[in-house]
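Subject: Structure handover

Hi,

Here is the structure for your files. My notes on it follow below.

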Amino acid sequence: MIWQQSWPLLLFIIAALYLPGCLLVAALGSRKPIFLAALGPVTSIALAGIDGVLFQPLGISWNWCSYGLSAVILIVIILLTRQLFNHFRNADGVDRKSLALTTNVGKPKPRLRHFLPAIIGTALAACNISIRLMHAAPSPDQVTQNYDSVFHYNVVARIMLTGQASSLHALPPIREIYPIAFQQFAALGALAYNPATAVSAVTCTWLVFAALIWPVSMLFLTRTLLGRHTWSDLLAPVLASCCAGFPFLLLDWGTLYSMFAGQVILPVFVALTWAWCTHEWRESRRSIVGFAWILLSVVAVSFCHFRVMMTGALLVLPVVLSWLVMAGRQLAQTNKHRFHLAAGVLTAGFLVLMAIGLKIFHNLYLRGPARKISDHLNGGPAQPTEDLPSAMMRFLLGQPIDSGNRRLPIYWPLALALILALIVLCLHHSRKDMLLVSSFLLLGLVFVACAGTHADWAKILTALWYKDQRRLFCAWPVVAIPVMGMALEHGIEALKRLTPQAEKMISMPIMMLTATLAVLICAVNPQSDSMVKTLGSTYAFAANNADAPMLSTDEFLLMKRMGRHVSVSEQVLSDPWNGSGYMLAVGGATPFYAHLNMNWDQDHAYLATNFEHIGSDPQVCRILTDHHIDWYADMGGPYVANDPQHQIFNGLQPVPQALQLVDSQGRAKLYRITACRP
């Protein structure tokens, strides 16, 4: 498939993400365009995640019919509930009508010019991301050749094959509990468009999340924090498309599609929490509605990847603490008895949660001589890449690293703008300014502890993120863009105060300057150019006789044909480290090892280490028979030599006398296992 053929697939994915969610949001009474655009996908993701968990025990397949029907039923329930509520609240209906008329008096009707900056900014961002992805990956059928992509592609292929899409049973028996909302939408797209494979569906779903949902999420966040301004509506989506390497970073770092999806909608959670903690909590009705939207966003982010919520909690911690202080003061002034009661309950709850957390942490990292914290969090992503001062400077300048730990160029216009913005906010030091700066510093503290040291204190501080700096750096735009926007707003307001009679005169130059900056940021960006160049190597095929990266053209072509030989009920034995783990996503043949490393059960572990004894070990034949393993794929050696996680597969070498060649492409070969046949 080429990109020109993927338009139907993209449209199906967009419809799945936006249509049910936007209808549900509108049914709940929120009809502002920005609210629909930002909360629509979030609502769809939450609905899909819940559907997947509920459908599987009921024997309902995940497909367009079941997903659409659940949305329709929920919309009908919401509309009936609202109608009943309004009926009992206003039995005669007159007061409600008159109230609606009075509340709309004086409100200007929105015009197209009010939406144009946001539309133009989002369109520029979408074009920027789309063009760069298509440059890095000439075809949506190309796989990202890194560790985690094998698992994610196979999850999508399994949903297409079985209709099971529960996050409690993501890819059994390889991995049970894992959030797979992103993969659910990729599967829906592939089910609706027959030419699509799991690989092309994943690529197109990533593009929809990156090019549409991510810029709108950042627009929603800046609107919440700054209000509606022409310059911020135009700049926020554009900056989101090329800020600190995001949204391309996770494609290069390990294709963490689930975490990427959670990161994309995280700004919506941050915006909703900010709005509630700063003003909505004072109004009873808006307080309940706003809190409900926060809970919905938490559900959506968690079904994408629950670890992203740790980053979200870190970003909103300052504003939540500020709200606790304000709410406590107000309660103390109105009712001291309730204040003392609330303070006691809150303190007790905090202590209980702290005790539970410490107990879990103790059991994981501190119990016994073999459970010391120094013996944990020592994998590749947890290793520091520099010292503390260097990590601080890199975070301040928004300088990402690629999967090989090579630094990408600093984009100096944004780096200098951020430094100037932090200075401006510290000098202005309003409450909102300091809360934003605090969020930025908190994120920087945990990031620096990940990237700049391997001390035990850093492991304790960063354990919730597996001490992986990449998971934290992806949130850099979520705080950096609002910081720069807030400082720019202060500068414009100061200019207007100095020359109040020239406010109309400067509005047009500001608009022109903003539009010029937006185009230049997209077109002239060495950091984004370097990111795309790195991403191109992630998508590139290996040479046909090479082991690294995982897949060569020959291996890919053989896997495309495997579905002709291997039936749906059969499995293929192979070493997943040589690229054969992609076979389910590429060719529809089920591999016995659908990921590179897991807590393998007894049969998986035994077969991996003893297959070479197939002629003399009856246990090997029993496992092959029980699991309907009739095929063996040989695609060379592992893409990483001498990796400790690969050692279990050292015994999984071809045994010529037990195999019969059926198909081949270059050195890639597919055999039928004949040794265990009666």
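Helix α16 crosses helix α17 in a left-handed sense. Left-handed means that the near helix is turned anticlockwise from the far one by less than a right angle; clockwise would be right-handed. α16 covers residues 412–428 and α17 covers residues 431–452. Their axes come within 9 Å and cross at roughly 135°. That makes the pair oblique. On the cut-offs: under 35 degrees is roughly parallel, over 145 roughly antiparallel, 65 to 115 roughly perpendicular, and the rest oblique. Axes are lines fitted to C-alpha atoms, for helices over the stretch in contact, with angles from 0 to 180 degrees between N-to-C directions. Helices are DSSP runs (H or I, at least four residues), numbered from the N terminus.

From α16, the contact uses Leu 418, Leu 422, Leu 425, Cys 426 and His 428. From α17, Asp 433, Met 434, Val 437 and Phe 440 take part. Contact means heavy atoms within 4.5 Å. By class, the α16–α17 contact has seven nonpolar, one polar and one charged residues. Nonpolar covers Ala, Val, Leu, Ile, Met, Phe, Trp, Tyr, Cys and Pro; charged covers Asp, Glu, Lys and Arg; the others, Gly among them, are polar.

This is a predicted model: local features need pLDDT of at least 70, side-chain atom pairs count only at pLDDT 80 or more, and totals for chains, interfaces and linings use all residues. Residues are numbered from 1 along each chain as its sequence is written, and side-chain values use heavy atoms, with hydrogens and water left out.

Confidence next. pLDDT is the predictor's confidence in each residue, from 0 to 100. The chain averages 87, and 93% of the residues score at least 70. Residues 96–105 fall below 50. Beyond near neighbours in sequence, that stretch has three contacts in the model. Where pLDDT is low, the predicted coordinates should not be read in detail.

On the α2 side, the contact residues are Ile 34, Phe 35, Ala 37, Ala 38, Leu 39, Pro 41 and Ile 45. α8 brings Phe 209, Ile 213, Val 216, Leu 219, Phe 220 and Arg 223. By class, the contact of α2 with α8 has twelve nonpolar, no polar and one charged residues.

Now the loops. Cys 242 sits between α9 and α10. Cys 242 counts as buried, at 2% relative accessibility. The cut-offs are under 20% relative accessible area for buried, over 50% for exposed, and partly exposed in between (1.4 Å probe, protein chains only). Leaving aside neighbours within four places in sequence, Cys 242 contacts Asn 128, Leu 414, Ile 521, Asn 525 and Ser 528. Cys 242 and Ser 528 are 286 residues apart along the chain, yet their C-alpha atoms are separated by 6.1 Å.

Pro 247 lies in the loop between α9 (230–240) and α10 (249–253). The peptide bond from Phe 246 to Pro 247 is cis, omega near 10°. Ala 548 and Pro 549 are also joined by a cis peptide bond, omega about -10°. Pro 549 is in the loop between α22 (526–539) and α23 (553–565).

Tyr 466 has a positive phi, near 55°. Lys 467 has a positive phi, near 50°. Tyr 466 is partly exposed at 38%, whereas Lys 467 is buried at 0%.

Best wishes

Methods
Helices (H or I, at least four residues) and strands (E, at least two) are DSSP runs, numbered from the N terminus.
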